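This briefing concerns the helices, the chain contact and the salt bridges of the model shown below. Please read it alongside the sequence and the structure.

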Amino acid sequence: MLKRSLAIITLLIVGYWLAQGLAGVPFGEDKMLVGHYYLQHVKEQTGAVNAVTAIVVNYRGFDTLGEVTVLFIASTGVAALLWRKKRERTAKVEGSVVLTTGAELLFPFIVMFGAYIFIHGHLTPGGGFPGGATIATAFLLLYMAFTIYEIPHKAFEKVEGLAGMSYVLVGLIGLAIGGYFLFDWIWQTWHWGTDNIGRLFSGGFIPIIYTIIGIKVGTELSGIVDNMLKEEVRE
Amino acid sequence: MNGQYASLLIALPLISAFFVPLIKGLGRKAVMGYLVLITALQTAIAGWVANEVYSTGKPIIVMAGGWKPPVGINLYIGHFAALFVFIIAVISFFMAFFSFRAVTVEPVDKYAMLFLLLMLGATGMIATGDLFNLFVFMEITSITAYALTAYNKTGEAAEASMKYIVLGGIGSSFFLIGVALIYGATGTLNMAHLAQLAGAIDPTVAQVGLALIIFGLAVEAELFPLNAWAPDAYQAAPHPITVMFSAFVVKAGLYAIARLLYILQNANGWSGVLKLVIIMATLTVVVAEFSALRQKDVKRMIAYSSISQVGMIAFALALGTQAGVDAGVFHMVNHAIVKALLFLTVGYVGVALGGTTIENFQGLGKRMPLTALTLTIGSLAAVGIPLFNIFWSKVRILLAGVEAGYSWSVALILGASVVEAVYYLRLIHTIWFVEGGERVRENFAIGVIAIFLAALIIVIGVYPNDVWTIVQKAGQDIFNVANYIKNVPLMGVGA
């Protein structure tokens, strides 16, 4: 009781303190400095209609590379901590026929929709991370419906590594062509698709990077699911 | 050569970590050899960058994507970053060798990936010039650290990692709230741009934002109320990883605190935050020294000693004077060398004799003479005896502290240093004057690394002036914010 009330009092004090700070940042007032620049220049400089993806992949692409790495660390960490010589799925109850048939039918549609999200990152809301997560959901569905299903993890691991390497490689090509790491060479050096803004084949390297991220995130999250669902077996 | 190629410092560890899954089939030896190769390459690049920065006297500004700050993200590799990126690379290179011997737990390929990414995270934290980018690199560092802490898969390791992950998660969210507040008040995330705008921030917002950021970073930097995870994590992590934690992961957190403190020095309410850090730092020293005194496990004892040294660095960095910052950076370099040596030798004893409890160190002078000798040099240096490197930086920190008017905290730190001498001398006594078991053959590569580090300690101890000039330049890099702003090519958005 004493502990709880002390905690509540402390929380109230911290909350009040935070509210004081927040009161100094008035809501709805125009505080955009860098934001204006992005909104005014995003189309001509990056070719993307979706300003968020342009900022995330192009202007501040360095952060996204970092976030992709964070996800990679998460999946590697899970794999490292759950590593055992022999691990298998030990699920016992098979799903009903409706469930298994439904999952089989849904699987390609979900994968297709996920691919749609990450391919159209520069045009519509979404991008590589939601697209990849959607694809991983499709694999999760298979895991839940079938007791024996397993992703081909050897191949998935390699694809994951290759996708990460291609992201860095795209950046390094930018360094070689344009002189800067993560430089958008497709748009700013080749001017490819500059008369095509708002259509699929535009947006410089954003669709390419988002495809890479989509594949990487999809395989990574599926790998995490796979690792967490398997249990150690003794022979 | 084009300064933009310094971005390879980030690109190389990243692409190499992604490459590991493709070679894991070749077996343990190949993966470990690959680790040595990549860290050697990183050392070469870092050496080139450091040479470039120190010979031209100008920082290298890497602009990611070719966008000028504050629109894009820039890396600011000044004197400080160049020096520490090099230290990070060298220590990682040494630890790649040590990993051959020390890490036998599977899966080694995952270990190699996490190892490279830990190096990457610390490099990025020290090099970045953008507030949010700092957060991203801090996450990379801390999440690899969580995974590596639990890598040995013992119950102890899992518990340590759990503590760390909970505290670290809370710390990062505080940091993020602080970043959001500061962004809300200024509309920019670039550090140089922030420094320009700092004077105009609402005083309450500046104080709350800065305090939240410092609080978040203090978890990584192991300051007093938030460092409960550290001794457990140091003890449970694989030995090479402990060296990396102590030699540069904690330094990256400390540096980030110092950098942000001085960037926002024009903000109102700044001195209040400085005092907060001074109090936290002094408490860190005192609490850690007294906790170290009653440890039975040598690795844990040195972990506490490392935390107390870190508190001293934070104290120096938060004094708010040029002398304090210089001394703090000097201590950062010295501490990186000494603690790398101590954790390396203790870890090696742990590998060779199976455990790091004090019983294993009885008669070590006869059993593993080389290791025992270097361990002794490291311990004497850590206590701060003249003719060893830490003596100089400790003296400078204490003088700077008195000069800045913090005599009470200098007195407390000095008192705690006496305690430090007690437990290190007890260890030395156990090594040389207690009878022990059989002679053990020592590993050649680890011996060479240990001797190199020990020699470095003595060379810096006898000729401190060369390092001191380097360190003064690095200290100015942090303290002289006007110069920092001038060096970043801001494009004048919304000005």
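In this predicted model, helix α3 of chain B is mostly covered, with 19 of its 24 residues buried; buried means under 20% relative accessible area, exposed over 50% and partly exposed in between (1.4 Å probe, protein chains only). Helices (H or I, at least four residues) and strands (E, at least two) are DSSP runs numbered from the N terminus. Residues are numbered from 1 along each chain as its sequence is written, while chains are lettered from A and ligands numbered from 1 in the order in which they are written. Local features need pLDDT of at least 70, side-chain atom pairs count only at pLDDT 80 or more, and totals for chains, interfaces and linings use all residues, with side-chain values based on heavy atoms and hydrogens and water left out.

**Helices of chain B**
- The 24 residues of α3(B), residues 79-102, should span 34 Å at 1.5 Å a residue, and the end C-alpha atoms are 34 Å apart, which agrees; the expected span is 1.5 Å times one less than the number of residues.
- Because 20 of the 20 residues of α4(B) are buried, this helix is largely enclosed by the rest of the structure.

**Contact between the chains**
- Chain B contributes 64 residues and chain A 50 residues to the contact, which is defined by heavy atoms within 4.5 Å.
- The two chains bury about 5100 Å² between them, 77% of it on carbon and sulfur atoms; buried area is the accessible area (1.4 Å probe) that two parts lose on being put together, summed over both.
- On the chain B side, B:Phe18, B:Trp67 and B:Val71 lose the most area to chain A, together 15% of what that side buries.

**Salt bridges**
- Over all chains there are 13 salt bridges, each a side-chain nitrogen of Lys or Arg within 4 Å of a carboxyl oxygen of Asp or Glu; the count between chain B and chain A is 3.
- A:Glu157 pairs with B:Lys110 (2.9 Å, N to O) and with B:Lys24 (2.9 Å, N to O).
- B:Lys24 lies in the loop between α1 and α2 of chain B and A:Glu157 in helix α7 of chain A, so this pair joins two chains.
- B:Lys110 also meets B:Asp109 (3.4 Å, N to O), and A:Glu157, B:Lys24, B:Asp109 and B:Lys110 are linked in a network of salt bridges.
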